[in-house]
Amino acid sequence: MSSSSSSSSSSSTTTSTTLTTSNNKNKLVICIGDIHGYITKLQNVWSNLESSTNPHDFATATIIFLGDYCDRGPNTRDVIDFLIDLPSRYPNQTHVFLAGNHDFAFAAFVGVLPPPPAAAAGGEEGFRGGWREYEESEEREGWFKGEGFEEMHLQGRRWAGKITVKVNVAKGTEYQGSIYDAAPTFESYGVPHGSADLIKAVPDSHKKFLADLVWVHEEDDVFVNTEDGVKCCKLIAVHAGLEKGVDVKQQLQMLKARDTRVPKVPQLSGRMNVWEIPEELRSSPTIIVSGHHGKLHVEGLRLIIDEGGGYAHKPVAAIVLPSMKIIRDTDVLAK
């Protein structure tokens with residue numbers, strides 16, 4: 001199947017261990033794209049997924065959320081409440097919550113990122129060492145300088161900053177507070193953008209959700225329908241993708257360790273350098289599934305599921321494996 005359109009030991013929040021079912025070609029793996037604070041879109045795509053799949057298969061499916069739960073849309077708090085409740089509502093599903101670059105930055109601001117290894121990060125310097133590489137952008141992006149900024153990861157400072165330009169030229173939209181469009185997230189918790197009061201306003205359950213987000217998820221024995229028939233594949237889910245020209249084993253080790261010494265994690269925030277499947281993974285069938293890119297792009301085993309991109313007028317999409325069927329929140333399904 002090939003189509004493309006632009007309409008768009010690691011910690012884990014899975015509810016059970018990864019399933020290995022080499023003899024079960026009917027196991028459902030559902031990957032849901034970036035939600036960006038739109039609770040109604042999330043509720044609708046979930047309802048459409050449930051109504052369009054076999055009830056038993058849905059009840060036992062592996063559901064992989066591809067990250068970016070916050071920012072741009074108005075309902076981040078409600079979105080995270082919905083996600084937190086899923087394991088109790090669907091106890092036989094496996095739920096995987098990947099960190100997107102927006103979620104990483106949100107976690108950085110509220111202080112729940114894993115701390116960097118002290119020795120390798122330069123002794124007592126902590127996250128401050130990561131600021132230097134990008135300090136030429138500090139004034140333009142208006143990095144956060146409020147309470148607690150001295151110990152904050154770069155992305156937390158950028159997320160809560162007040163950008164000095166109004167228009168995102170690449171997207172043709174106005175920035176909402178910061179480079180991350182984070183103002184709606186602050187407002188969903190009842191505080192103004194850039195306020196340190198957000199740290200107190202975010203419930204402990206939400207902080208735990210952000211703290212537990214995984215940076216990569218691997219799944220064995222995932223079956224997919226292709227032009228050459230049904231294939232049994234390995235699946236790697238990561239918000240933006242894996243870098244080309246960088247050893248895949250090293251990338252996976254870093255992602256599983258959630259190494260926060262890195263000021264910008266390319267696998268969570270990269271663009272063209274993470275678009276393709278790395279050459280060394282092409283010798284055996286490997287699916288790479290991501291969100292992040294503001295596109296719906298399905299080409300061979302490279303799946304990019306982010307049709308919405310955080311735009312109010314675009315849908316949230318999901319892909320169902322093995323069928324490779326795309327389900328959107330806007331679909332009107334026969335009952």
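This is a predicted model: local features need pLDDT of at least 70, side-chain atom pairs count only at pLDDT 80 or more; totals for chains, interfaces and linings use all residues.
Local features require pLDDT of at least 70, side-chain atom pairs count only at pLDDT 80 or more, and totals for chains, interfaces and linings use all residues. Residues are numbered from 1 along each chain as its sequence is written, and side-chain values use heavy atoms, with hydrogens and water left out.

Helix 3 takes part in two helix contacts described here. Helices (H or I, at least four residues) and strands (E, at least two) are DSSP runs, numbered from the N terminus. Axes are lines fitted to C-alpha atoms, for helices over the stretch in contact, and angles run from 0 to 180 degrees between N-to-C directions. Helix 1 (residues 39–51) and helix 3 (residues 76–89) have axes that come within 9 Å and cross at roughly 30°. The two helices are therefore roughly parallel. Angles under 35 degrees count as roughly parallel, over 145 as roughly antiparallel, 65 to 115 as roughly perpendicular and the rest as oblique. Helix 1 contributes Ile-39, Leu-42, Gln-43 and Trp-46 to the contact, and helix 3 contributes Asp-78, Val-79, Phe-82, Leu-83, Leu-86 and Arg-89. Contact means heavy atoms within 4.5 Å. Seven of these residues are nonpolar, one is polar and two are charged. Here Ala, Val, Leu, Ile, Met, Phe, Trp, Tyr, Cys and Pro count as nonpolar, Asp, Glu, Lys and Arg as charged, and the others, Gly among them, as polar.

The axes of helix 3 and helix 9 (residues 204–212) come within 10 Å and cross at roughly 75°. Helix 3 is therefore roughly perpendicular to helix 9. On helix 3, the residues in contact are Arg-77, Ile-80, Asp-81, Leu-83 and Ile-84; on helix 9, they are Ser-205, His-206 and Phe-209. This contact comprises four nonpolar, two polar and two charged residues.

Spaces were located on a 1 Å grid over the protein atoms alone. A cavity is a set of points where a 1.4 Å probe fits but cannot get out; a pocket is an open set with protein on both sides within 12 Å along at least five of seven lines; lining residues have an atom within 4 Å of a point. The largest pocket holds about 630 Å³. It is lined by 28 residues, of which Arg-72, Asn-101, Ser-269, Arg-271 and His-292 are closest to the centre. Helix 4 (101–109) supplies the largest share of this lining, three residues. The pocket lining has nine nonpolar, eleven polar and eight charged residues.

The largest cavity has a volume of about 50 Å³. Its lining includes Ala-99, Asp-103, Phe-104, Leu-210, Trp-215 and Arg-258. Helix 4 again gives the largest share, three residues. The cavity lining has nine nonpolar, no polar and two charged residues.

Two backbone features lie in loops. Most residues other than glycine have a negative phi, and most peptide bonds are trans. Asp-68, not a glycine, has a positive phi of about 60°. Asp-68 sits in the loop between strand 3 (62–65) and helix 3. The peptide bond from Leu-321 to Pro-322 is cis, with omega near 15°.

Technical notes. Grid points are joined across faces, edges and corners, and a volume is the space filled by probe spheres set on the points.
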